[in-house]
Amino acid sequence: MSFRRKPGAPKHLTVITLPSGKHTGILKDFLVEIENEDSVKNLQENGCFGTRISRRKAEDSCEKEILLISKEEAFFMQFCLKCLTISNKDGKIFSTEDIFDVFRKQKRNFISTFIAYCYLKSKGWIIKSGLKFAGDFLLYKEGPQAYHSSYVVTVQDDNPENTDQTPFTGRDLQGFHRVAEASGKDVLILTVRYPKGFNSQEFKFQDNAFRDFSVTESKPMRFTFNPNVI
């Protein structure tokens, strides 16, 4: 594992990985949008949550910065930190149970990626989307303002109900390594272990819903895959 500091980045940062205060967001399609300027600033400075973009409304000539929050970030802030309230476009507030059900319907493996997200947060990582590098997450030591990402993470699980999940093969791993190495990152594979007898139809959200799940991690070394060798 290597930590590559960005040129010109300050040598000493006061890193706060969790936000403060209360925040509100609106679920629009597949992301949660946060428009309040103070919330955007707080969530970016304390944990680097979300992706900041500029948007100009048709009736307004000025651009406004908003924050796009992923499902994992949003549920972490609502369920774990109790600092985010999420509503729909009509202003109806989602309960934690309701937003959990919405996210599960929108993302097949949401349970796995959320548990993996919480696992990484417990390790103190700053977590961003890994989609650009064919992964689920990117991990930063102190955030993208000071360091390049150290790991690209892919999340697997052993949920027996995921019959459409493509097995992670040696060829996949080789390609994953190539993408990671080309950008100076290491590979981290997280496997979410589901409790025995798990039934998705019967699984409902509650405060202790995730206590019987576990996570294992592996950091595979670079290798040359030869399909003709067993």
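Predicted model: local features only at pLDDT ≥ 70, side-chain atom pairs only at ≥ 80, totals over all residues.
Colleague: Why is H2 called roughly antiparallel to H3?

Modeller: The axes of helix H2 (residues 71-80) and helix H3 (residues 96-106) cross at roughly 165° and come within 11 Å. Angles over 145 degrees count as roughly antiparallel, and therefore H2 is roughly antiparallel to H3. The crossing of the two helices, H2 and H3, is left-handed.

Colleague: Which residues make the contact between H2 and H3?

Modeller: On H2 the contact is made by Lys71, Ala74, Phe75, Gln78 and Phe79, and on H3 by Thr96, Ile99, Phe100, Phe103 and Gln106.

Colleague: What makes E1 and E2 a pair of strands?

Modeller: Strands count as paired if DSSP finds at least two bridges between them, and strand E1 (residues 23-28) and strand E2 (residues 31-34) pair over 3 bridges, in the antiparallel sense. Within this part of the model, Ile26 stands opposite Glu33 in E2. E1 and E2 form a hairpin with 2 residues between them, and in the turn Asp29 has a positive phi of about 60°.

Colleague: How do you know that E2 and E4 pair, and in which sense?

Modeller: The requirement is again at least two bridges, and E2 and strand E4 (residues 63-69) have 3 bridges, pairing in the antiparallel sense. Here Ile34 stands opposite Leu67 in E4.

Methods
Residues numbered from 1 in each chain as written. Heavy atoms only, no water. Axes fitted to C-alpha atoms, helices over the stretch in contact; angles between N-to-C directions. Helix = DSSP H or I, 4+ residues; strand = E, 2+ residues; numbered from the N terminus. Parallel < 35°, antiparallel > 145°, perpendicular 65-115°, else oblique. Left-handed = near helix turned anticlockwise from the far one by under 90°. Contact = heavy atoms within 4.5 Å.
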